[in-house]
Amino acid sequence: MMKLLVTGASGFLGWNICNHAQKDFEIFGTVFSNPLEISGINIISLDLTNFNDLKRIFKEVGPDGVIHTAAESRPAFCQTSPVESNKINVEATINLAGLCADREIPFVFTSTDLVFDGKSAPYVESDPVNPINIYGEQKALAEEKVLDRYSASAVCRMPMMFGLSSPAYSTFFQQTVRALREGRELTLFTDEFRTPISGYTAAKGLLLALKKAQGILHLGSRERISRYDFGRLIAELMGFTMEKIIACKQEDVQLNVPRAADLTLDSTMAFSLGFNPPTLNEELQSLL
Ligand SMILES: NC(=O)c1ccc[n+]([C@@H]2O[C@H](COP(=O)([O-])OP(=O)(O)OC[C@H]3O[C@@H](n4cnc5c(N)ncnc54)[C@H](OP(=O)(O)O)[C@@H]3O)[C@@H](O)[C@H]2O)c1
């Protein structure tokens, strides 16, 4: 069985990959500050920013492929701690690409739709990046450096994701479901558009990329939706009325980190490789 190293197994996406890929791969999943167990997965505690430890683990595991999901994925943290977040988002990512290049094994790096400024969507892979916050800048830099170091890498730009999550992390989806169940109001942007996919669909897309992709690939859904309409769709499928979902615009809110308005990804290239995300309605129905 092919040995797959998944970084960030304790995170939302890494956890989804570990759960969905274990029938086809022997998986080694790295964790850092959340040392959780995942049934059927070889869990390794590792600070990816320590290059000596990373090299040692690489040698011990001898992976046949790597999916790199570990990141400092909180834009607010990156904005206030650019040096610290750069270590995992940029430096560790380049080091991983280098180790994969040395072994000539597939390397998939999870980037983000936030490499774009949100002013001229929809975005195809060849569109110029123009990040508007430090997290986006770090991801854009990592993309460039990864492909410089190992051009056979697949750089997958992920959209907003939702769905079942590792016990250590939650997403917009969990927060929305919890608020609705507790009868709390939710104020959501009507002018912030994304092409969201579930963690399960993302895992399938990344495994496809591991086999078939090189270079940049967008893994968004076919549907573009605002956060407000996404919240309403969740409420509707859960049988709640809409009165607790309050509409607002980005300009109504004091933002600590600049937020891009429309990050619609055109994922035609991934669709042609066989990426086939279900509709949002189907995704949410199977989750709820
Ligand atoms: N979630 C989204 O909607 C979204 C959207 C676009 C792109 N992305 C990208 O997709 C990828 C996965 O995101 P996610 O939401 O799954 O992230 P997440 O839930 O925040 O998980 C982050 C993971 O990174 C690990 N990590 C952080 N620093 C580390 C270090 N120094 N050494 C080793 N591991 C470290 C964490 O380990 P511990 O918890 O054990 O410390 C955790 O497993 C990231 O590249 C992110 O930028 C996510």
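Colleague: Which residue in β4 does Val6 stand opposite?

Modeller: Val6 stands opposite Ile67. A strand is a DSSP run of E with at least two residues, a helice one of H or I with at least four, and both are numbered from the N terminus. Two strands pair if DSSP finds at least two bridges between them. Here β1 (residues 3–7) and β4 (residues 65–68) pair in the parallel sense, over four bridges. This is a predicted model: local features need pLDDT of at least 70, side-chain atom pairs pLDDT 80 or more, while totals for chains, interfaces and linings use all residues. Residues are numbered from 1 along each chain, and side-chain values use heavy atoms, without hydrogens and water.

Colleague: What order do the strands of the open sheet have?

Modeller: The order of the seven strands is β3-β2-β1-β4-β5-β6-β11, with parallel pairing. β3 (42–45) and β11 (215–218) each have a single partner strand, so one side of each lacks a neighbour in the sheet.

Colleague: Which residues come nearest to the ligand?

Modeller: A residue counts as near if one of its heavy atoms lies within 4 Å. Of the 28 residues around the ligand, Ser10, Ser33, Ser73, Tyr135 and Tyr169 come nearest.

Colleague: How far is a backbone N or O atom of Phe32 from an oxygen atom of the ligand?

Modeller: The distance is 2.7 Å for Phe32. For Gly11 it is 2.9 Å, and for Phe12 also 2.9 Å.

Colleague: Which element gives the most to the shell around the ligand?

Modeller: β5 does, with three residues. The elements giving two or more are α1 (12–21), β5 (107–112) and α5 (134–149).

Terms used. A polar contact is a pair of N or O atoms within 3.5 Å; within protein, one must be able to donate a hydrogen and the other to accept it, and residues adjacent in sequence count only if both atoms are side-chain atoms.
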